[in-house]
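Please give a brisk tour of the structure shown below.

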Amino acid sequence: MSVQISTCGPGAEALLAALHARCFDDCWNEAEMTGLLASPGVSALVLEQDGEPAGLALIRVVLDEAELLTLGVLPDRRARGHGLTLLGAAEAAARQGGAARLFLEVSHVNAPAAGLYARAGYRQVGQRTRYYRDGSDARVLAREL
């Protein structure tokens with residue numbers, strides 16, 4: 001199994017939207033991806049397994065802080081360490097952009113993602129009540145880079 005991560009920019013909106021739709025029930029469409037990629041400090045990463053797109057991550061860097069906007073791995077490619085690989089690449093990209101701290105949000109009902117972030121050293125720094133469309137709360141996590 002070969003795994004490769006590449007940085008994407010404008011022109012990758014369709015790919016990113018397709019990956020996001022396969023990873024999440026509440027997904028971002030191509031227009032939303034276009035808007036995000038046009039935002040200052042936003043960059044996208046795509047993970048390929050054996051030459052096929054298998055996951056994505058988007059980050060936004062503002063001064064010395066970064067936010068993980070999304071991270072997803074295709075359902076049939078999960079439990080292979082791809083989430084941790086993507087998270088490490090997102091952290092490296094954030095550091096390269098000048099960030100010293102990375103924030104993210106994760107739903108209280110998303111135990112696999114919460115476990116991934118806990119294993120990577122993220123700690124809860126806040127909570128957003130009924131943040132997600134399904135009514136679940138968001139745990140705000142952060143880690144020094």
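## Cysteines

The structure holds zero disulfides, a disulfide being a pair of cysteine sulfur atoms within 2.5 Å. In general, a disulfide is a covalent bond between the sulfur atoms of two cysteines. This is a predicted model, in which local features need pLDDT of at least 70 and side-chain atom pairs count only at pLDDT 80 or more, while totals for chains, interfaces and linings use all residues. Residues are numbered from 1 along each chain as its sequence is written, and side-chain values use heavy atoms, with hydrogens and water left out.

Cys-23 is in no disulfide either. Its nearest cysteine sulfur belongs to Cys-27, 9.9 Å away. Cys-8 is buried, with a relative accessible area of 15%. Here buried means under 20% relative accessible area, exposed means over 50%, and partly exposed lies in between (1.4 Å probe, protein chains only). Cys-23 also counts as buried, at 10% relative accessibility.

## The sheet

Seven strands form an open sheet with mixed pairing. Their order is E1-E2-E3-E4-E5-E7-E6. Strands (E, at least two residues) and helices (H or I, at least four) are DSSP runs, numbered from the N terminus. Two strands pair if DSSP finds at least two bridges between them. The edges are strand E1 (3–8) and strand E6 (123–128), each of which pairs on one side only. From one strand to the next, the twist averages 25 degrees. Angles run from 0 to 180 degrees between N-to-C directions, and axes are lines fitted to C-alpha atoms, for helices over the stretch in contact.

Strands of a sheet pair through backbone hydrogen bonds, either parallel or antiparallel. Strand E2 (residues 42–49) and strand E3 (residues 52–62) run antiparallel, joined by eight bridges. Leu-47 has Gly-55 in E3 as its bridge partner.

## Strand E5 and its neighbours

Is strand E5 (residues 101–107) enclosed or open? Five of its seven residues are buried, so E5 is largely enclosed by the rest of the structure. On one pairing, E5 joins strand E4 (residues 65–73) in the parallel sense over three bridges. Glu-65 stands opposite Arg-101 of E5. Between E4 and E5 the chain passes through helix H3 (residues 82–96), and this β-α-β crossover is right-handed. Right-handed means that, with the strands pointing away from the viewer, the path from the first strand over the helix to the second runs clockwise.

E5 also pairs with strand E7 (residues 138–144), in the antiparallel sense and over seven bridges. There, Leu-104 has Leu-141 of E7 as its bridge partner.

## Helices across the sheet

H3 lies across E1, E2, E3, E4, E5 and E7. It runs at about 155 degrees to E4. Helix H4 (residues 111–119) lies across E4, E5, E6 and E7, and runs at about 155 degrees to E5.

## Nonpolar cores

In soluble globular proteins, nonpolar side chains tend to be buried together. A nonpolar core is a set of buried Ala, Val, Leu, Ile, Met, Phe, Trp, Tyr and Cys residues joined through side-chain atoms within 4.5 Å. The largest one here has 25 residues. Those with the most contacts inside it include Leu-68, Leu-87, Leu-104 and Tyr-117. E2, E3, E4, H3, E5 and H4 each supply at least two residues of this core. H3 gives the largest share, five residues. Apart from this core lies another, of 16 residues, among them Ala-12, Ala-17, Leu-37 and Val-46.

Leaving aside neighbours within four places in sequence, Leu-104 is in contact (heavy atoms within 4.5 Å) with Leu-68, Tyr-117, Tyr-122, Arg-139, Val-140 and Leu-141.

## Loop residues

Arg-77 lies in the loop between E4 and H3. Arg-77 is buried, at a relative accessible area of 17%. Beyond its neighbours within four places in sequence, Arg-77 is in contact with Gln-49, Glu-52, Ala-54 and His-82.

Asp-50 sits in the loop between E2 and E3. Its phi is positive, about 50 degrees, although Asp-50 is not a glycine. Asp-50 counts as partly exposed, at 46% relative accessibility. Leu-63 lies in the loop between E3 and E4. Its phi is also positive, near 55 degrees, in a residue other than glycine. Leu-63 is exposed, with a relative accessible area of 74%.
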